[in-house]
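Welcome! Here is a short tour for anyone meeting this structure for the first time.

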Amino acid sequence: MSDGGGPARGSRAEALWGYAFIAPTGLGLAIFYLWPVLQTAYFSFTEWGPFGGHTWTGLANYTRLLGDPEVGRAVLNTLTYTALGLLGIPVAIVFAALLNRPGLRGVSLYRTAFFLPVVTMPVAVAMLWRWLYNGDYGLINQVLAVVGIDGPNWIADPATALYALVVVGIWSSVGYNLIIFLAGMQAIPKELYEAASMDGAGRVRQFFRITLPMVSPTAFFVSIVSVIGSLQLFDLVFVMTGSGKAARANPAYTRLQTVVQLFYERAFVTNDRGYAAAVVIALLVLIAVLTVLQFRLQRRWVHYV
Amino acid sequence: MWKSARSAAALLCAALLASACGGGEQAGAGATAQGKVTLSYGVWDATQQAVMRDLAAEFTKSHPNITVDVQLTPWVDYWTKMKAAVSGGAAPDVFWMNGPNFQLYASNGVIAPIGERIDTSVYPKALVDLYTYDGKLYGLPKDMDTVGVWYNKTLFDAAKVDYPADDWTWADFRRAAAALTDPDKGVYAVGAQLTSFQEYQYNTIYQAGGYVISPDGKQSGYADPKTIEGLRFWTDLIAAKQSPDLKTMTDTAPLQLFEAGKLAMYWGGSWNVAEFGTNDYTKDKVDVAPLPKGEKQATIIHGVANVMSAKTEHPAEAWEFVKFLGSGQAAGLLGKKGPIPAYNGTQQDWVRAHPEWKLQTFLDSVAYAVPYPVSKNTAAWQEAELTHLTKAWTGETPVERAAADLAAGMNDLLAEE
């Protein structure tokens, strides 16, 4: 009775310590993430002068947004890129399964090789692929020429540009996804495979009946991250299409312009920051909607043990 | 899930915010108690950083209480950073200005007009006009550039084509272009570059008798049939396969093609001297000729000016420095090591630096040069130029229609200024 306040005091002190520990992260998040988001949301209702100073314009930016053909086009390009980018997930699963085979030699060598693009600067990756894709002097077309194929100007041809970009996107993210899948696969109990092989299931059957369902939660995580990342695509396009003004002179630009690129152009090229804020808020909404949708759909394909 | 979506977007915003604010650091450092003043001087060209430091040192000799800190920001980030710095009240005291950005800065009052009466007849008139807004001069021209046709003598010799004469015309140019094109060797006459209006389209537009923007800066000239003639000059070359198509030029820029011996001619500026003088291929194979004459002779003239921030804490000292940079003494120093100085009568050192080339061409063309076309928000319609003309360059849309669409879009943008 008399020491009833003890535990309460103790837990309060504990809570205070807890807050103290999360304060650095929490403050950082509030100042550098939350506050800019709120500001951006506010700016999306304003018109900006090129050197700061803004006036409230209500929904003007959003009505303009709805009627802007470039917005529709940028959203469509971004969604196509995002959808095609999901093809990277099966690729990563297959490679992860191959690397996960017991007794495989040189595993760490392979893992390093796959992970290398992930730790390489995106700008360097884009520059490199730009040269590979060059229509006249690129390695890809020189190899194709050996077998008698006259390859296109991969990133300047509207028919191929977006797909060329998707290949680079998958190539540079497959290593990251693969590591996550490997971790997921190594968490699958060995007994399941032992039981399956006792019942006479072969490697392929085991892969489809055990590995795939068991890594589906991992696949769900990867798809969420990958979709969000793809929707924010910027650096690859920025470097590969020809940065700054030159990008618009790329004949394939109408197929390559992404939402974030449009945001960049409005904010930093044509001095239209209020509108740029509206563009990026629209992207935020798009990301939120697609993420909710994915959570809704997960019941249909994700197996939690 | 809300958290993940929001934090992802937040990350993006924060990153952009951070990059926009990165420029805030370069504030002009203040005066000390002894009346010593340090001025910050913003420049974008790394190759001129050394000569800018020399000039700053020279200035300090005559003004011992003022030191100048030369701050280099690479071209690609210069204007983004400058806008952020100005917004944050941290612009350099004195900085380089160019034509396309000038009116934006002057009309928003972020650079200071020159109060003192000075003799502007020592600079090319086109440049003085370029940096005059609302009747007031805001900057003193530092250097200047004009455009010429750089040509590959080896390819001209191989095709047995005479080198361009000083008075050659569009007809002469087209004849030469047809003779120089050699599909078997992958050699084109010229690259109809879309991204550099200063060296390509603007020149032919004025040569054809057209215009880009009306003198009052309110109307686009792209609907004018003569302007369209100036554009067709280039689309015709692409159609005749005397220029690589736009896809090829997107992959490999005309400059690279010229330096690989794949283009016989390259429309380039006086600033290309440094590039062609050091490139092993072009070093002893190229020379330069004036632009061919259309209905009239024209070349675009542009130049950088030194301007003062309106918010500088040391307006008197900043003006002293700008005045020094605009003097014949500073121009003399610049001409030996850098671009063509804007100060008349000091340009000969620049010509003499490369006696093997007819660099006098660039100076002679000042007589008929046209100022780089600008308005208050030049960047906005420069984007429209690319958006619409890309379709004409690929052949997707006839050049007349692309130009008409561009004129409409540009007029809308000009109305918003």
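This is a predicted model: local features need pLDDT of at least 70, side-chain atom pairs count only at pLDDT 80 or more; totals for chains, interfaces and linings use all residues.

Residues are numbered from 1 along each chain as its sequence is written, chains are lettered from A and ligands numbered from 1 in the order in which they are written, and side-chain values use heavy atoms, leaving out hydrogens and water.

**A helix in chain A**

- Helix α14 of chain A covers residues 273-301, 29 residues in total; helices here are DSSP runs of H or I with at least four residues, strands are runs of E with at least two, and both are numbered from the N terminus.
- From first C-alpha to last, α14(A) reaches 42 Å, close to the 42 Å expected (1.5 Å times one less than the number of residues).
- A kink of about 25° in α14(A) is centred on Phe295(A), where the bend is the angle between axes fitted to the seven residues ending there and the seven starting there.

**Aromatic pairs**

- Over all chains, the structure holds 54 aromatic pairs; rings of Phe, Tyr and Trp (its six-membered ring) pair if their centres lie within 6.5 Å, and planes under 30 degrees apart count as stacked, over 60 as edge-to-face and the rest as tilted.
- Phe207(A) and Phe208(A) form an edge-to-face pair, because their planes stand at 80°, with ring centres 5.2 Å apart.
- Phe207(A) is buried at a relative accessible area of 18%, while Phe208(A) is partly exposed at 49% (buried means under 20%, exposed over 50%, partly exposed in between, with a 1.4 Å probe and protein chains only).
- Trp44(B) and Trp79(B) make a tilted pair, with centres 5.8 Å apart and planes at 55°.
- This pair links distant parts of the chain, 35 residues apart: Trp44(B) lies in the loop between β1 and α2 of chain B, and Trp79(B) in helix α3 of chain B.
- Both Trp44(B) and Trp79(B) are buried.

**Charges over rings**

- Arg64(A) has its charged end over the ring of Tyr275(A), 3.6 Å from the centre (NZ of Lys or CZ of Arg must be within 6 Å of the ring centre and within 35 degrees of the ring normal).
- In chain B, the charged end of Lys142(B) sits over the ring of Trp96(B), 4.3 Å from its centre.

**A sheet in chain B**

- Four strands form an open sheet in the order β10-β11-β9-β12, with mixed pairing; strands pair if DSSP finds at least two bridges between them.
- β10 and β12 of chain B stand at the edges with a single partner strand each, so one side of each is left without a neighbour in the sheet.
- β10(B) and β11(B) pair in the parallel sense over 2 bridges, and Val190(B) has Met265(B) in β11(B) as its bridge partner.
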